[in-house]
Amino acid sequence: MSAHTPMMQQYLALKAEHPDKLVFYRMGDFYELFFDDAKRAAKMLDITLTQRGESAGAPIPMAGVPFHSIDGYLAKLVRLGETIAIIEQVGVPGVGKGPVERKVARIVTPGTVIDATLMDARKEVLLAAVAIDGARSGVALVNASSGTVVLRDLQTSELAAYLARKNPAEFVCTESSDTTIRSLLAEATSLSAFTLRTRPDYEFTTVRANDELTQALATTTLSHLDVERTPLALLACGAALAFTRLVNGGSRLPISTVHIERASESVEMDGATLRNLEITQTLSGAESPTLFSLLDRCETAAGSRLLRATLNEPPRDAAKASSRHDAIESLARGLNHDATSFSYRALQDALRGLSDIERIATRVAMLSVRPRELAGLRSTLGALPALVEALSRVDNVTLRSLANAIDIDPQWHTLLTQAIAAEPSLAVRDGGVIANGFSADLDELRAIQTDSGAFLAKMELAERERSGIPNLRVEYNKVHGFYIEITSSYLGQVPVEYKRRQTLKNAERYITPELKAFEDKALAANDRSLALEKRLFDELLQSLAPSLEALRRAGVALAELDLLANFAERAETLKLTRPTFTSLPCLDVHSARHPVIESLVDQFIPNDIRLDSKRSCVVLTGPNMGGKSTYMRQAALAVIMAYAGCYVAASAATIGPIDRVLTRIGASDDLASGRSTFMVEMTEAAAILQRATPNSLVIVDEIGRGTSTFDGLALATAIARRLITKAQSLTLFATHYFELTELANDYATCVNQHVSVIEHGDKVVFLHEVKAGPASRSYGIDVAKLAGLPAEVIRDARRELERLEKERTHSTPQADLFASAPVPSVEVPSRAPFIEALINIDVDDLSPREAHAKLAEMIALARASESSP
C-alpha cells in the first residue's frame with residue numbers, strides 16, 4: 001500500500017471490502033472506476049478507457065461517468081446482472097490532511113433495486129433466498145419495490161420449477177449449499193444467467209429470521225402470520241432481509257405484506273412449459289410474439305406486472321377466475337351505455353397516466369422517493385375520486401369492491417398539493433421542490449434571492465447618479481459574486497470607498513460595504529433555503545407514513561382494474577369467448593384457435609378439442625407442418641387464459657379443474673449442462689410422469705426422436721401407457737410412430753386423431769384440420785421438398801422409403817452395440833449396374849447432347865450386363 005498515492009490507498013482499501021463489485025468512486029463531478037473495474041465497465045457501458053498517472057510505478061486504467069447521469073449507467077449494469085458499490089465523499093475538501101473522507105453510500109444489486117430509474121416498470125424485481133434441508137426446501141421471495149414477501153416450503157425436487165416460474169433477478173443461499181443451488185438453478189433453463197450470493201450459515205437461523213421479520217413489519221410477534229407452516233422459508237426470509245439491509249447501508253426494508261403461499265393456489269407450470277408455450281418469451285428468447293405481448297394492452301405498469309404474474313401462475317381457484325369474467329362482462333355492457341355499468345374504454349381512459357403508487361409508497365417508506373414521483377402521486381390521488389364515483393354505480397361486486405380500495409382519504413392529496421411545487425425539480429438538492437406558501441421561513445429566504453435583481457437595479461441607478469458615471473453597472477456571477485463594473489475611461493471618477501475586486505482589460509470591478517453586506521445576506525439565504533427545503537421534504541415524508549398502507553392497497557386495486565379493463569378490450573378486439581368451469585375433469589373447446597399465431601396469419605383454421613375421463617388421451621398423428629404442435633399448444637393456452645380470468649380464443653369452452661400444465665415439446669440440447677437432446681427429452685418426460693395427476697393437462701410432442709427408432713418407439717409407448725393407466729391425465733400425445741395408434745385398440749380412454757392433408761399429383765396441401773382416426777402416412781419427404789432439398793435427394797429418399805417399406809422389420813433387427821456376439825443380418829441383393837445408372841438419371845438436368853451421351857452409356861452397360869454371368 002505504501003507504494004501507492006494516499007488517494008489510491010483509500011480506493012484500494014474500499015475496493016478490498018467489495019472485491020466482487022464494480023466500485024464507483026466519487027471524485028468531484030464524476031464517478032471513477034480504476035484497474036480491472038475500469039476495463040470491464042468501459043466494455044459494458046461503451047465509455048472511454050484512459051489512464052490516470054501512475055501508482056506503484058504503473059499506469060492506472062481509469063474510466064468515469066458524470067455524477068448527474070449515473071442512473072442510466074447503473075440501469076444498464078443492473079440489467080447485465082452486475083452489482084455496484086457507490087462510494088461518496090462524506091468529508092469536506094481541504095479540511096485535514098490526506099484525501100477527503102469517503103465511504104460506501106449504497107450497494108446496487110439486481111434483486112434489491114427500488115429506484116424507478118434502475119428497473120423496468122413493467123416487470124417485477126425479486127430477490128429469492130433459498131434454504132435446503134434434504135428433501136425439503138424453503139424459498140423467501142422479497143419484492144423490495146413493493147415491500148412484500150412470499151414464503152413457500154416445498155419438495156426440493158420441485159424447487160427448480162418453482163424458481164423458473166418466479167424468475168428472480170438474484171438469489172441468496174448458505175455458503176454450504178452453494179454447489180447444490182447452482183446445480184438446481186442450472187436445471188431451470190429459463191434461468192440460464194443468474195446472480196447467486198452466498199451468506200454465512202448463521203444468517204439462516206430462526207432467531208435471526210424472527211428478529212429481521214418482526215422489525216421489518218414493525219411488530220413484536222409473528223403469531224398472526226402462521227409461519228410455522230413454512231419453517232425453512234422463514235429461515236430464508238431472515239437471510240434475505242439481512243441482505244437487503246446490508247445493501248441499503250443498514251436501513252431496513254419496510255415490509256407491508258407477508259404471504260404464505262400454498263401449492264394449491266395456482267395452475268403450476270415448470271420452466272420447460274413456460275418456454276414451450278411461449279407465455280412471456282419466445283423459444284429464441286425474444287419478448288414477442290408471445291401470449292403476454294398479445295394480451296398486454298394495460299394502461300399502467302402495475303397492470304402489466306400483474307398480467308405477467310397471472311399468466312405465469314394462473315390462480316387455480318375457478319371462482320376467482322369467474323369473478324374476473326363477471327367483471328369483464330360488466331365492462332363490456334358499459335359500451336351499450338348501460339346505467340349500471342362502466343365501459344372498459346372509459347376505465348382505460350381514467351387509468352391512463354396514473355402513477356405507480358404501490359412502488360411510490362415503498363420509496364416513501366425508504367425515504368428515497370423523488371420529488372416528481374410525489375407530484376405524480378398527487379395527480380393520481382386527485383384523479384381517483386371521479387373513478388371511485390363511477391365504479392360505485394356499477395352492478396358488479398368485484399368492481400365495487402375495487403372502488404372501495406381506491407377510495408383514499410383526501411387529506412393526503414391536500415397535503416401534497418400544499419407541500420409540493422407544481423413542477424418540482426428532479427432532486428431536492430436543486431431546490432424548487434417545496435411549494436410557495438407552505439413555509440413562511442422558506443418564502444422569506446426565497447424572497448431575498450428573488451429581490452436581488454430589483455436591489456441591483458436600484459443600486460445601479462443610485463450609484464450612477466452619485467458618481468456621475470453613466471455606464472456604471474452593478475452585476476453578479478457565480479465566480480466573483482456581486483460587483484460594480486466601471487470602464488477605463490471613467491476610472492478617475494471612482495468614489496474612494498470603492499474597493500477593487502478584479503481588473504479586466506478595459507474595465508475594473510469594485511465592491512462597496514453596502515454591496516458586500518447584501519452579497520453575504522443573499523448567498524447565505526440560498527444555502528439556508530436549500531437546507532430548509534431538504535428538512536421540509538424529509539418532514540413531509542414522515543407525515544405521509546400513515547397513508548402508506550392505504551396507498552399500497554389502492555395500488556394493488558388499480559392494477560386489478562387495469563387487468564380487467566385490458567381483458568375486456570382484448571376480448572372484443574380478438575373475438576374471445578367467456579369459458580365455463582365445471583367440477584368434472586374435462587377440456588371441451590369448440591373452434592379453438594391459437595391467439596398468437598392467429599394474429600400473425602391471414603387465415604387461421606379452428607379445431608375442436610375434447611378431453612374427459614372417458615376420452616383422456618388423444619394420440620395425434622400427421623405430417624410435420626400440419627399443425628399438430630399448434631393444436632396442442634392452443635389447448636394449453638385456453639386453460640391458462642381461462643384460469644387467469646381472461647376470455648379464450650374459441651367459440652365455446654368448458655374446462656374442468658386443472659392443477660398443472662405439463663409439456664414436452666420440441667428438440668433441443670443443453671450443452672452448458674452437458675445434456676444431449678435425448679437427455680433433455682427424458683428429463684422433461686420424467687418430470688411429467690412424477691407430477692401428472694388426473695387433473696393435469698399433459699402435452700407430449702414427438703418424444704423419443706433423439707435415439708434409435710426402436711428405442712424411441714419403446715419409450716414413447718411406455719410413457720403413453722403410463723399417462724393413460726396411472727396418471728390418467730388429460731393428454732395430447734403427438735407422434736410420428738404410427739405403432740402408437742394401436743393404443744386406441746388396447747385402452748378405451750385412448751383415441752386417434754390426425755391432421756388432414758390433400759395430395760394433388762406430387763404435391764401435398766396441409767389443411768390444418770384435425771379429424772378422427774390415424775394419419776395414413778407421415779409426408780416427411782414432402783415437407784423436405786417444401787424445405788428446398790435438391791430434387792435428386794428427394795428422388796433418392798423416395799426410393800429408399802419404398803425399399804424400407806417393402807422390407808420386413810423383423811428381417812433387419814436393430815444392432816446392439818454392447819452385445820457379445822454380432823447380430824446376423826439379411827443380405828440385400830444389389831442391382832445390376834445398368835439398372836442403378838438408369839435410376840439415377842435426372843432427365844430435367846440433361847442437355848440434348850448430354851442425353852445422347854447418356855443413352856450411349858446405357859446401351860454399353862446393358863450389353864455388358866447381358867454378357868455377364
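Let's start where helix H17 (residues 440–450) meets helix H19 (residues 513–544): their axes come within 8 Å and cross at roughly 145°. Here helices are DSSP runs of H or I with at least four residues, numbered from the N terminus, and axes are lines fitted to C-alpha atoms over the stretch in contact, with angles from 0 to 180 degrees between N-to-C directions. From H17, the residues involved are Asp 441, Leu 442, Leu 445, Arg 446, Ile 448 and Gln 449, and among their partners in H19 are Phe 518, Ala 522, Arg 528 and Leu 536; contact means heavy atoms within 4.5 Å.

A word on the model: it is predicted, so local features need pLDDT of at least 70 and side-chain atom pairs count only at pLDDT 80 or more, while totals for chains, interfaces and linings use all residues. Residues are numbered from 1 along each chain as its sequence is written, and side-chain values use heavy atoms, leaving out hydrogens and water.

Next, look at helix H20 (residues 548–573). Its 26 residues reach 37 Å from first C-alpha to last, close to the 38 Å expected at 1.5 Å a residue, the expected span being 1.5 Å times one less than the number of residues. Of the 26 residues in H20, 21 are buried (under 20% relative accessible area, with a 1.4 Å probe and protein chains only). Lys 575, which follows H20, has a positive phi, near 60°.

Finally, find Lys 628 in helix H22 (residues 628–644). Why does Lys 628 count as buried? Because its relative accessibility is 5%. Beyond neighbours within four places in sequence, Lys 628 is in contact with residues including Leu 620, Glu 702, His 736 and Val 755.

How values were computed
Helices (H or I, at least four residues) and strands (E, at least two) are DSSP runs, numbered from the N terminus. Buried means under 20% relative accessible area, exposed over 50%, partly exposed in between (1.4 Å probe, protein chains only).
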